[in-house]
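Take a walk through this structure, one chain at a time. Keep the 3D view open as you read.

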Amino acid sequence: MKHLNLVLGAAGLAVFLAVGEAVPRLGLVKEAYFPPVSTIAGALAREVSDPAFWTALGDTLTGWAVGLALAVAGGLLAGVLLSVVPYLREATASTVEFLRPIPSVALIPLAVLLYGTELRSVLLLVVYAAFWQILIQVLYGVQDVDPVAEATARSYGLGTLARVRYVLWPTALPYVMTGVRLAAAVALILSVTAELVIGAPGLGARIAVAQTSQAVPEMYALIVVTGLLGLLINVGARTVERRALSWHQSVRGEVAV
Amino acid sequence: MNGTFRVLRRLLFVVALPAVLLTVWWFASAGSTDVYWPPLETIVAAFPEVWDGERIRADLLPSLWRLLSGYALAAVVGVALGTLIGSYRTVRAFCEPVLEFLRAVPPPVLVPVIMLFAGIGDGMKIVVIAVGCVWPILLNTVEGVRAVDPVMTETARCYGVGGAARLRHLVLPSASPQIFAGLRQSLSIGIILMVISEMFAASNGLGFAIVQFQRGFAIPGMWTGILVLGLLGFLLSVVFQLVERRVLSWYHGLRDSSRRSP
Amino acid sequence: MLDVRGLRKVYEGSGRTVEAVRDLTFSVAAGELVCLVGPSGCGKTTLLKCMSGLLAPTGGEVLLDGRRVTGPPPGMAFVFQEYGRSLFPWMRVGQNVELPLKQKGMAKERRRALVADALESVGLADAAKAYPWQLSGGMQQRVAIARALAYEPQVLLMDEPFAAVDAQTRADLEDLVRRLWRERGITVLFVTHDIDEAVYLGERVVVLSASPTVVQEELVVDLPVERDQLNTRVQPRFAELRTRVYEQIQAAKRGSVSAAPGAPGAGVEKE
């Protein structure tokens, strides 16, 4: 069964590529708009041999990783703080609900004015978008703490820190991992967006340049690269999640955020 | 008495922090001479001037129209394709790797691609929004359709519920919590794409207006634009929640009742 | 009415074949209430699914009114063990009962009448507007029974319907099944792993062997038609019958198909 699925998947991919080759060759769309797959592959090969491409990739990954790390740290800290300090969660609920749906791209003009095309522009957008993913999952996770476990810990005289360490953290961990996975995907979207729109160095800026200079195959090649990057991040995050939670018995549905 | 007290207490919790934050912003920024951080008073004063009926008609409404049409298009296509792919195991195995890749492409990079095909008009923006929004809806629908309870499927078969009725009364309602999770993710992506596509190439719209203010160093105007975007995001999310609460009321009830008696 | 002839079902897994049902032959006459009982894991559910047309048998055939069953026939209704997963949680109780009737293309008036009547006879006339998950487990199973009744089947198949409800609710539901059977003259095939339930409910009990399943024994329950939880269960004849079924099941577990002589392991009851 698994074998068959693999074969089918490979066939699907092959058909997808073949259609991508055939459609422009047959003149169904203009080659200038959608070059055949082989042309894109050629452009991809040229890109890969260009050191500037690797610099751009490095820039994008830096923005992504630093932004994600900041967001995870901030989200965790805020989440634990909000849940441990009495009344804080209740008092911040409305503010969180208001700030969370604000699209981070609204901050683009501010980022441009404040930081221009520096890395900090990218970070502002990435951190703002990814932070909420983590925070919300932490809050959901803390909500899931078994009151009996909490009461037991209290009755044995565990202090706040010990309770966070031994009760709260293990319960919330699966949620946090989900949050990290979602945040990782969002962080990539926003770092590429920031580069594309603001012009901070990276793959996004390279796509913008390719577009303005009418280098269509290169543009497609770079988009394929961002897709592969996203795929790697998704698969990687899911693997880490599964590894880290292999001890965890409960199979739980993802909390929709 | 106790009830009134509780309502008051809740109200206090809801408004207290926002009030504090706004006050702090108001006084901290009062008399600010930093061009980028104008006093809140200036921003508030600029708001009704900037966002008069004319601008709402010229910028806000076109943006909303693009967002909603793109989103609706994505919802229809995503649910339809997702149901098809989710219903047949072979189709799913065939499409899976390609879908995984397409979903992983950061949606904003679609803007330059779709500009090639559809120019810079409304069509382009709607297509960009639809293409970006479709993946979470599609993939969540696939998952939801796949996860239809086998006992329910057999029940439907036993009682002769097949074809379109099966889709309408079993498959889609059963998948609807997942579909809504996808719709929710897509809503934020849609707003992002609406703004970006307008920042890239447009002659009106929220994204266009904000970039115009920024380029023209009309900083209070820019700030009002950011506030409008924030409010729009917030309001759309509230509307979404209301719709979801209504459509999925059975689901929330079911979940609560199984939580009470596990 | 319902004939099972040489039924055989083999599951083909990945490199592994499991023979769930080997060779089953029995029949249920029109208007009869037959209980199928067997040791746990003996392929009762497989059998029932083959009979209802949900599963295609590997060999043999199932006949309903002389016609071969190839898919779920319209004259057959099914009550599942998993009541919580068999009712649609997004539909109200009334809608759940009505849905199959809509599929039959019935007029609205007639549907309404059937739904009201079915709910009435399971004692849930007031619950039509509730959602299934707002009801207790026993009430949910009543809804499932009402849905089956409204469908106006010739044959009602019940797959361990009361395995997941508490003892008192179970007694009530057993009496409900007896009553409905007598009032409506439906043919009922009731699958259970509970020996007492089988003897109390059935006019006839078919004992199945362990998997791969064959018929171990059939016996007629010659208790009066009028039964009640208090008196029927203390009758000497009831005790004899349940002992007999118990012996057969023990024999089935050991794998001997012949009738077991004497009372084996008196007093050792594990069921």
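Predicted model: local features only at pLDDT ≥ 70, side-chain atom pairs only at ≥ 80, totals over all residues.

Chain A has a mean pLDDT of 86. In that chain, 95% of residues reach 70 or more. One stretch needs caution. Over residues 249–257 of chain A, pLDDT stays under 50. For that stretch the model has nine contacts beyond four places in sequence.

Now the fold of chain A. Its secondary structure comes to ten helices and zero strands. Read from the N terminus, the elements run α-α-α-α-α-α-α-α-α-α. The C-alpha trace of chain A spans about 75 × 55 × 30 Å along its principal axes. Chain A has 257 residues, and 40% of them count as buried. Take the contacts in chain A between residues at least 6 apart in sequence: 72% of these join residues at least 24 apart.

Next, the interface with chain B. Here 44 residues of chain B are in contact with 42 residues of chain A. On the chain B side, α1 (2–29), α4 (89–104), α5 (110–118), α8, α9 and α10 (219–247) each supply at least two residues. The largest share comes from α4(B), with ten residues. By class, the chain B side divides into 35 nonpolar, six polar and three charged residues.

Two of those chain B helices also pack on each other. Helix α8 covers residues 163–200 of chain B, and helix α9 covers residues 206–215. Their axes lie 7 Å apart, at an angle of about 55°. An angle between 35 and 65 degrees counts as oblique, and α8(B) and α9(B) are therefore oblique to each other. The crossing of α8(B) past α9(B) is right-handed. From α8(B), the contact uses B:Met194, B:Val195, B:Ile196, B:Glu198 and B:Met199. From α9(B), it uses B:Leu206, B:Gly207, B:Phe208 and B:Val211. This contact has seven nonpolar residues, one polar and one charged.

Finally, chain C. Where does C:Pro153 sit? Its place is the loop between α5 (137–150) and β7 (155–159) of chain C. Is C:Pro153 buried or exposed? C:Pro153 has 22 C-beta neighbours inside 10 Å, and the cut-off for burial is 20 or more, so C:Pro153 counts as buried. Setting aside residues up to four places away in sequence, C:Pro153 touches C:Gly75, C:Met76, C:Ala77, C:Ala148 and C:Ile186. C:Met76 is 77 residues away along the chain, yet the two C-alpha atoms are separated by 5.0 Å.

Definitions and conventions:
Residues numbered from 1 in each chain as written. Chains lettered and ligands numbered in written order. pLDDT = per-residue confidence, 0-100. Contact = placed C-beta atoms within 7 Å. Axes fitted to C-alpha atoms, helices over the stretch in contact; angles between N-to-C directions. Helix = DSSP H or I, 4+ residues; strand = E, 2+ residues; numbered from the N terminus. Parallel < 35°, antiparallel > 145°, perpendicular 65-115°, else oblique. Left-handed = near helix turned anticlockwise from the far one by under 90°. Nonpolar A, V, L, I, M, F, W, Y, C, P; charged D, E, K, R; others polar. Buried ≥ 20, exposed ≤ 12 C-beta atoms within 10 Å, placed from the backbone.
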